[in-house]
Amino acid sequence: IEVKKSQDNINLFIQDNGPGVPENKVSKIFEAFYTTKATGTGLGLAICKNLAKQLGGDIEYIKQDLGAKFKITIPIGKNDI
């Protein structure tokens with residue numbers, strides 16, 4: 001986990017060292033109920049995307065050679081939490 005502050009945003013990077021996301025599945029990973037797991041619900045990333053959007057931000061997948069990496073961007077000063 002890494003947190004970086006820019007002038008207008010807080011950027012939260014989360015990554016692991018697993019197999020990553022296959023190229024042909026990247027476009028679906030934020031869809032509700034989409035899962036590649038036998039017992040998964042497919043709600044985790046959809047909920048994260050929705051929460052980020054409610055805060056005026058976004059979440060994106062960043063392709064890399066090893067593991068999965070996500071960047072969550074939240075605007076500074078536009079949220080009364």
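Modeller: A nonpolar core is a set of buried Ala, Val, Leu, Ile, Met, Phe, Trp, Tyr and Cys residues joined through side-chain atoms within 4.5 Å. Please note that this model is predicted. Its largest nonpolar core has eight residues, namely Ile29, Ala52, Ile59, Tyr61, Ala68, Phe70, Ile72 and Ile74.

Biologist: Which element supplies the largest share of this core?

Modeller: That share, three residues, comes from β4. Strands β3 (58–62) and β4 each contribute at least two residues to the core.

Biologist: How many aromatic pairs does the structure hold?

Modeller: There are two aromatic pairs. To classify a pair, one examines the angle between the ring planes, and over 60 degrees counts as edge-to-face. The planes of phenylalanine 30 and phenylalanine 70 stand at 85°, with ring centres 6.2 Å apart, so this pair is edge-to-face. The pair connects distant parts of the chain, 40 residues apart: phenylalanine 30 belongs to the loop between β2 (9–15) and α1, and phenylalanine 70 to strand β4 (residues 69–75). One aromatic cluster is formed by Phe30, Tyr61 and Phe70.

Biologist: Are phenylalanine 30 and phenylalanine 70 buried or exposed?

Modeller: Buried means under 20% relative accessible area. Phenylalanine 70 has 14% relative accessibility and therefore counts as buried. Phenylalanine 30, with a relative accessible area of 21%, is partly exposed. Lysine 49 lies over the face of phenylalanine 30, 5.0 Å from the ring centre.

Biologist: Finally, what is the volume of the largest pocket, and which residues lie nearest its centre?

Modeller: A pocket is described by its volume and by its lining, the residues with an atom within 4 Å of a pocket point. Here the largest pocket has a volume of about 540 Å³. Its lining consists of 22 residues, and Ile29, Thr35, Thr36, Lys37 and Leu45 lie nearest the centre. Ile29 is also a member of the largest nonpolar core.

Biologist: What is the lining made of by class?

Modeller: The lining of the largest pocket has ten nonpolar, eight polar and four charged residues. Helix α1 (residues 44–54) provides the largest share of that lining, three residues.

Technical notes
Residues are numbered from 1 along each chain as its sequence is written. This is a predicted model: local features need pLDDT of at least 70, side-chain atom pairs count only at pLDDT 80 or more; totals for chains, interfaces and linings use all residues. Side-chain values use heavy atoms; hydrogens and water are left out. On a 1 Å grid over the protein atoms alone, a cavity is a set of points where a 1.4 Å probe fits but cannot get out, and a pocket is an open set with protein on both sides within 12 Å along at least five of seven lines; lining residues have an atom within 4 Å of a point. Grid points are joined across faces, edges and corners, and a volume is the space filled by probe spheres set on the points. Helices (H or I, at least four residues) and strands (E, at least two) are DSSP runs, numbered from the N terminus. Ala, Val, Leu, Ile, Met, Phe, Trp, Tyr, Cys and Pro count as nonpolar, Asp, Glu, Lys and Arg as charged, and the others, Gly among them, as polar. Rings of Phe, Tyr and Trp (its six-membered ring) pair if their centres lie within 6.5 Å; planes under 30 degrees apart count as stacked, over 60 as edge-to-face and the rest as tilted. Buried means under 20% relative accessible area, exposed over 50%, partly exposed in between (1.4 Å probe, protein chains only). A charge sits over a ring if NZ of Lys or CZ of Arg is within 6 Å of the ring centre and within 35 degrees of the ring normal.
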